[in-house]
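Have a look at the structure first, and then we can walk through it together.

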Amino acid sequence: MGRETKETEENQKTRHKMVVVGPHVSIITLNVNGLNSPIKRHRVAGWIKEQDPTICCLQETHLSPKDKHRLRVKGWRTILQANNEQKKAGVAILISDKVDFKAKQIKKDKEGQYIMIKGTLHQEDITLINIYAPNTGAPKFVKQLLIELKEDINKNTIIVGDLNTPLTPMDRTSRQKINKEIIELNEKLDQMDLIDIYRTLHPKTAGYTFFSSAHGTFSRIDHILGTKANINKYKRVEIISSIFSDHNAIKLEINYKKKAEKGAKMWRLNNTLLNK
């Protein structure tokens, strides 16, 4: 009997947690630059706990399909990955235990360049695409991927990752003009009603996520893209420094409708019983 009471109390606590967290969702994206060192994995896990995102997207994990167990973080049991046999590239999505997430469809690349998940988050539809674009031909790669996933991309889509591409001249300290491939990628984003959320919310701020020691330049090649239709839901986006990678992270905060509060139902007496 005591055990049943304890389980009931824990269930109530979990349900209450979901109700509180419900309307507010945060997504963080970071190129971790390899996770084969146990010390680094420990530091990354600690960083995720400190940032406490609803969803954490990582790129360049350098893990193989056999290494899935290595990316465990307490409090983020749902882990979806796309890995390469040669331990190149690699992307992962971690989802917090605090949220009510249900996956409906998963698409992943055998080369570990992207993973897409479709599902519901607090009863709201969400499509999340995590991309690690290759160093060469990145804008072309991203454009082609958007064309391939066109049928999956809708107003509830959020695309994150290391696109290895500055989308505007403001996104790099050299301020050089963007090339033809980047122009074509921007045209494709525009056609699909996708926006660079950081640039939309910070039109005049030159924030950077990567330092190239070879060129001595800073750039913002990591991005979070969303749809124009949901622009009012994007509450805040910021660049967060990380000391264990050559990239900085980007964190997006989203306000969802308060559908999640349906979890706490009020019991009401059926008045017809009184009449009877």
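Six strands form an open sheet in the order β3-β4-β2-β1-β14-β13, with mixed pairing. Because β3 (78-82) and β13 (234-240) each have a single partner strand, they stand at the edges, and one side of each lacks a neighbour in the sheet. On average, neighbouring strands here are turned by 15° against each other, direction ignored.

This is a predicted model, where local features need pLDDT of at least 70 and side-chain atom pairs count only at pLDDT 80 or more, while totals for chains, interfaces and linings use all residues. Residues are numbered from 1 along each chain as its sequence is written, and side-chain values use heavy atoms, leaving out hydrogens and water.

**Strands and helix**
- β13 and β14 (residues 249-255) run antiparallel and are joined by six bridges; strands pair if DSSP finds at least two bridges between them.
- Tyr 234 stands opposite Ile 254 in β14.
- Helix α2 (residues 38-51) lies across β1 (24-31), β2 (55-59), β4 (91-95), β13 and β14, at about 155° to β1; angles run from 0 to 180 degrees between N-to-C directions, with axes fitted to C-alpha atoms, for helices over the stretch in contact (heavy atoms within 4.5 Å).

**Lys 251**
- Strand β14 contains Lys 251, which is buried (under 20% relative accessible area, 1.4 Å probe, protein chains only).
- The Lys 251 side chain reaches the backbone oxygen of Gln 51 at 3.0 Å.
- Residues touched by Lys 251 include Ser 26, Ile 28, Ile 224 and Val 237.

Terms used: Helices (H or I, at least four residues) and strands (E, at least two) are DSSP runs, numbered from the N terminus. Buried means under 20% relative accessible area, exposed over 50%, partly exposed in between (1.4 Å probe, protein chains only). Lys and Arg count as positive and Asp and Glu as negative; His and the chain ends are not counted. A salt bridge is a side-chain nitrogen of Lys or Arg within 4 Å of a carboxyl oxygen of Asp or Glu. A polar contact is a pair of N or O atoms within 3.5 Å; within protein, one must be able to donate a hydrogen and the other to accept it, and residues adjacent in sequence count only if both atoms are side-chain atoms. Lists of a residue's contacts leave out its neighbours within four places in sequence.
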